[in-house]
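Hello,

Here is the structure I promised to hand over. My notes follow below it.

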Amino acid sequence: MKKRTEILIEAESFKQYGGWILESQFVDEMGSAYLLAHGIGEPVEDAVTVVDIPATGEYRLWARTKDWVPDAHPGTFQILADGKPVDKIFGASGKGWSWELAEHVILPAGKVKISLHDLTGFEGRCDAIYITNTTIVPIDQPDPAGRRWRERLLQIPEEPEKMDEYDVIVVGGGIPGCCAAYTAAASGCRVALLHEMAYLGGNASAEVGLTPEGRTGGLVDRLSERLEDGDIAAARILNETENCDVFLLEHVYNTHLNNGKIVSVDSVNVKTNRKHRFCGKTFIDCSGRAILGVLSGAATLEGQESNSDFNESLAPQKADDMHHGDTVLFRTEMQKEPVEFPDVPWAVKVAKDYSDLSGQIGRVTCLCGRGPYENLPGPYVGPVKLRPLRRPDGGWDHAMNLPKSHFWEYGQWLDPYMCKEEIRDHLFCAIIGTYVNVRKKNPEKYSCLKLVHLGNVLATGAFRNYLGDYILTENDIREHTEFPDAVVENAGAFCLHYPGNKKYDFRLGNWKWVERDFKPYMVPFRCLYVADIENLLCAGKHISATHIASSTVKLIGNGGHHGVVTGIAASLCVKYGISPRELGQKHFAELKAAIEPFGEGDKNSK
């Protein structure tokens, strides 16, 4: 009787990724990180690992993958065993995430090299490989049963490993989270910063590349300085900061509460699939998506409030569920010789006849200091555009003709937690299709044009806000409301994105950029903690504010200064053993005094 064999290989655990990249931003919706063949039309180098096969014989080999354009199958790949392809082309099933089967695979005993061999360079993806000599069908859904099945095969304990205890735990390593972690550690606390991506910075990271706007200067500028390799200085600075532990690729999926307080969070390392539990005294949510509140059942604000809810002039007559969408950043460059590119009818189907590549991002490598690196013009074919004109009030005539990167935006009506991959893939098609349109419509001018960068990590917009003890509104910002607990200065225009382009669903229908009186405004401390979670502070685009107010609060530099405040506030909460609410009531003067050294050199940025 043959011995039962079940071998699960998580793609993210491959020894060598080759040209494939680790994709970790969709764990909530599809259950895992995965490897992505992101070659922009050029097949990438094989990803390789080694597996021990117990006995020579015939096996069934399953791969969990996704046919991301089901009627065209652009992302196909092969699996090689010791260099020989199994008899199956993966990624052409016509289905979403699912297990695809190759039967009658003969494998030798001992160490066998398993390779992912990309065939197209167009976003082939592999989550895991399951090798068995049984008729067991792998569990497909990213639910508890599926997780337990994987954990059994990977020999991962059901209970998370308990990590060291911390005074302050910061979730989210964008600029707000980096600022919060730094100031909390600099104030004497032991800090853990948990971030689910490979690079710190969020929308300012090497993976996205936006330049902080809003209120900048001081610590925000130090942490977001662009280094020669395209990364920002945050990782180097935080790794050199005493009492600050940075955990990259840690996806937070659960919280534990006791008497209205968070006592710990559970995370999974998206590369090793090992689960960890972090216990802390005070927590700061800098995720940008209010994830600790979602997991803990905190009250939040979603969508657009009506203008009667808070008497806001920019709000719609009727409340709805619309939110800001997401953006994929890209860059084209002219080459010396004509560039070959495959036919992509599946991408042109989304782009239609759109042929304007304006709104590009600049080359972020070998650039230090501040930008701008985005909002750059690009090749286009079509009628001469009207030149945008600046009005005295700071707005623009013909605003939609500006080369804005965020005009490539999608997903305003989709679930921002469970539809991110769909949003990103739709933008992939739109940009690739537009690139092809430009080349085909004017081949004499653009035959040497190459799409040299297509970001796989989304630049995310604002879509959910915490409910604090105060909700910041449009009128507070316009009228410069004087708050008794004013604690941080923000700057910037109301920047409102609206879908509704009648022909191209990946382009904004309208954009409102309202600069008011150009002056900064104050944010009260009551907006920087959560009303119904006793020990939870928040920083960034999800602080307690209306949709209209958050359209300026969301700017990266503004969020960084929220982070400065919340890191210091967390340290004082630990010092006195009190909640943020009590801190604001009893020790506000001490909080204000502690913030001042971190604000030196501040300046405004539009």
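β4 and strand β9 (residues 110-118) pair in the antiparallel sense over 7 bridges. Strands here are DSSP runs of E, at least two residues, and helices are runs of H or I, at least four residues, numbered from the N terminus. Two strands pair if DSSP finds at least two bridges between them. In this pair, I53 stands opposite G110 in β9.

This is a predicted model: local features need pLDDT of at least 70, side-chain atom pairs count only at pLDDT 80 or more, and totals for chains, interfaces and linings use all residues. Residues are numbered from 1 along each chain as its sequence is written, and side-chain values use heavy atoms, without hydrogens and water.

The open sheet has 4 strands, in the order β4-β9-β6-β7, with antiparallel pairing. Its edge strands are β4 (47-53) and β7 (84-85), each pairing on one side only.

Next, helix α3 (residues 175-186). Its 12 residues reach 16 Å from first C-alpha to last, close to the 16 Å expected at 1.5 Å a residue. The expected span is 1.5 Å times one less than the number of residues. 11 of the 12 residues of α3 are buried, so the helix is largely enclosed by the rest of the structure. Buried means under 20% relative accessible area (1.4 Å probe, protein chains only). Among the buried residues are I175, C178 and Y182. Just after α3, G188 takes a positive phi of about 105°.

Best wishes

How values were computed:
Buried means under 20% relative accessible area, exposed over 50%, partly exposed in between (1.4 Å probe, protein chains only).
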